[in-house]
Amino acid sequence: MLAVRNQEVQMLMPTEADWKIIRETMIILEPLERATVYLSAAQYPTIADIRFVFLGILEHLESIIGDDDFEQKELASSVNQKIGEYWNIINQQTLVSTVLDPRYKLSL
């Protein structure tokens, strides 16, 4: 109602194109938020947990980058590149400990 009555406020309101960008940004960031909540809530997060979370995020971002209708590909690509840099470090240092983790041994 405020935007309808006040022209100055109406000019500050997001347009439909802005809302689409906001929605797509939320789609990109949703797995990061869920990973943060999951790992923060875990009483004893392990390296294997972190590896599976990273793999899930990377898979999600790669599917977005491959979607032709998605306009925020550049943002998804930037996030994917940065997480990929961290993944290279984690992957090299934690592969053996993850394979030996009895909770995940059979799922690998």
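Of its 108 residues, 25% count as buried. Among contacts between residues at least 6 apart in sequence, 65% join residues that lie at least 24 apart.

The secondary structure comprises five helices and zero strands, so that the order of elements from the N terminus on reads α-α-α-α-α, helices being numbered in that direction. Confidence in the model is described by an average pLDDT of 84, with 88% of the residues scoring at least 70. Among the elements, helix α1, which covers residues 2–5, has the lowest mean pLDDT, at 69, whereas α3 has the highest, at 93. Where pLDDT is low, the predicted coordinates should not be read in detail.

Helix α3, spanning residues 16–41, packs with helix α4, spanning residues 47–65, at an angle of about 170°, and the axes of the two helices are 9 Å apart. Because angles over 145 degrees count as roughly antiparallel, α3 is described as roughly antiparallel to α4. On the side of α3, the contact is made by Ile27, Ile28, Pro31, Leu32, Ala35, Tyr38 and Leu39, while α4 contributes Asp49, Ile50, Val53, Ile57, His60, Leu61 and Ile64. When these residues are grouped by class, the contact of α3 with α4 consists of twelve nonpolar residues, one polar residue and one charged residue.

Note on methods
Residues are numbered from 1 along each chain as its sequence is written. This is a predicted model: local features need pLDDT of at least 70, side-chain atom pairs count only at pLDDT 80 or more; totals for chains, interfaces and linings use all residues. Side-chain values use heavy atoms; hydrogens and water are left out. Axes are lines fitted to C-alpha atoms, for helices over the stretch in contact, and angles run from 0 to 180 degrees between N-to-C directions. Helices (H or I, at least four residues) and strands (E, at least two) are DSSP runs, numbered from the N terminus. Angles under 35 degrees count as roughly parallel, over 145 as roughly antiparallel, 65 to 115 as roughly perpendicular and the rest as oblique. Contact means heavy atoms within 4.5 Å. Ala, Val, Leu, Ile, Met, Phe, Trp, Tyr, Cys and Pro count as nonpolar, Asp, Glu, Lys and Arg as charged, and the others, Gly among them, as polar. Buried means under 20% relative accessible area, exposed over 50%, partly exposed in between (1.4 Å probe, protein chains only). pLDDT is the predictor's confidence in each residue, from 0 to 100.
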